[in-house]
Amino acid sequence: MKLRSTLVFPLILLLTGCAAGLRVDQIAAIDSSQKDLVLMTGTRWDTKIRRELAKQGFRVKRFTSVKEIEVSNSNVKETFNLADARYGLTVIPGRPVDWCVGGRAIKFSDFSLEVTDLKTNDLVMIVEQGGWTDTCLGLYGDLFPDLAKALRANWK
């Protein structure tokens with residue numbers, strides 16, 4: 001019995017320790033009717049994040065812009081790209097703290113999603129949590145579903 005408890009405690013510590021809990025910082029109001037997002041960064045986690053956001057009702061655009069606009073006023077000529085969504089999502093993976101032996105999962109100390117209003121260029125929300133990116137030792141990694149659910153719950 002003592003041998004089993006000696007093995008169980010380190011296993012629990014390995015699977016649960018070193019990851020930040022969910023934190024949401026709502027910095028400014030969001031137009032909750034606008035659920036189009038553009039991924040502003042390119043990470044290896046984009047597909048998983050895009051999938052989980054779609055499950056929560058967000059439309060994630062692949063490109064920041066598909067239109068170029070030219071405006072001329074007197075002697076000034078400006079060209080800019082027209083944003084395809086109101087909000088941009090910056091993905092910031094934190095520090096990896098563990099790797100799953102025999103699996104693809106990585107455990108992050110924290111993983112952040114920053115929402116920026118593309119109309120004003122202001123930061124409006126940060127959602128952050130640590131955890132596993134995929135299944136490890138029979139336990140499902142809930143990092144990306146949890147981040148997407150928290151984003152939806154605070155989209156107001």
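Which elements do the buried residues of α2 pack against? I opened the notebook with that one.

**Ground rules.** This is a predicted model, in which local features need pLDDT of at least 70 and side-chain atom pairs count only at pLDDT 80 or more, while totals for chains, interfaces and linings use all residues. Residues are numbered from 1 along each chain as its sequence is written, and side-chain values use heavy atoms, with hydrogens and water left out.

**Entry 1, helix α2.** I looked up the packing partners. The buried residues of α2 pack against β2 (36-39), β3 (59-61), β6 (87-93), β8 (106-117) and α3. Contact here means heavy atoms within 4.5 Å. Helices (H or I, at least four residues) and strands (E, at least two) are DSSP runs, numbered from the N terminus. I then listed the buried residues of α2: Asp 46, Ile 49, Arg 50, Glu 52 and Leu 53. Buried is under 20% relative accessible area, exposed is over 50%, and partly exposed is in between (1.4 Å probe, protein chains only). I noted that an α-helix has 3.6 residues a turn, so residues three or four places apart point the same way. Past the helix comes Gly 57, with a positive phi near 95 degrees.

I took the axes next. Helix α2 (residues 46-55) and helix α3 (residues 143-153) have axes that come within 9 Å and cross at roughly 45 degrees. That makes the pair oblique. Axes are lines fitted to C-alpha atoms, for helices over the stretch in contact, with angles from 0 to 180 degrees between N-to-C directions. Under 35 degrees is roughly parallel, over 145 roughly antiparallel, 65 to 115 roughly perpendicular, and the rest oblique. The crossing of α2 and α3 is right-handed, meaning that the near helix is turned clockwise from the far one by less than a right angle.

Which residues meet there? From α2 I found Lys 48, Ile 49, Glu 52 and Leu 53; from α3, Phe 144, Pro 145, Ala 148 and Leu 151. By class, that contact has 6 nonpolar, no polar and 2 charged residues. Ala, Val, Leu, Ile, Met, Phe, Trp, Tyr, Cys and Pro count as nonpolar, Asp, Glu, Lys and Arg as charged, and the others, Gly among them, as polar.

I checked burial of the strand. Of the 12 residues of β8, 10 are buried, so the strand is largely enclosed by the rest of the structure. Then I went through the pairings; two strands pair if DSSP finds at least two bridges between them.

- β6 runs antiparallel to β8, with 7 bridges. Pro 93 stands opposite Phe 111 in β8.
- Strand β7 (residues 96-99) is antiparallel to β8, with 3 bridges. Pro 96 stands opposite Phe 108, and Asp 98 has Lys 107 as its bridge partner.
- Strand β9 (residues 122-132) is antiparallel to β8, with 9 bridges. Phe 111 has Gln 129 in β9 as its bridge partner.

I also looked at the turns. The β7-β8 hairpin has 6 residues between its strands, and Gly 102 in the turn has a positive phi of about 80 degrees. The β8-β9 hairpin has 4 residues between its strands.

Is Asp 117 buried or exposed? Asp 117, in strand β8, counts as buried at 6% relative accessibility. Leaving aside neighbours within four places in sequence, Asp 117 is in contact with Arg 86, Tyr 87, Asp 122 and Val 124.

Val 127 sits in strand β9. Its relative accessible area is 0%, so Val 127 is buried. Not counting residues up to four places away in sequence, Val 127 touches Leu 22, Arg 23, Val 24, Phe 111, Ser 112, Leu 113, Leu 147, Ala 150 and Leu 151. I also took a C-alpha separation: Val 127 and Val 91, 36 residues apart along the chain, are 10.0 Å apart.

Most residues other than glycine have a negative phi. I wrote down two with positive values. Asn 121 has phi near 65 degrees. Asn 121 lies in the loop between β8 and β9 and is exposed, at 62% relative accessible area. Leu 137 has a positive phi of about 55 degrees. Leu 137 is in the loop between β9 and α3 and is exposed, at 55%.
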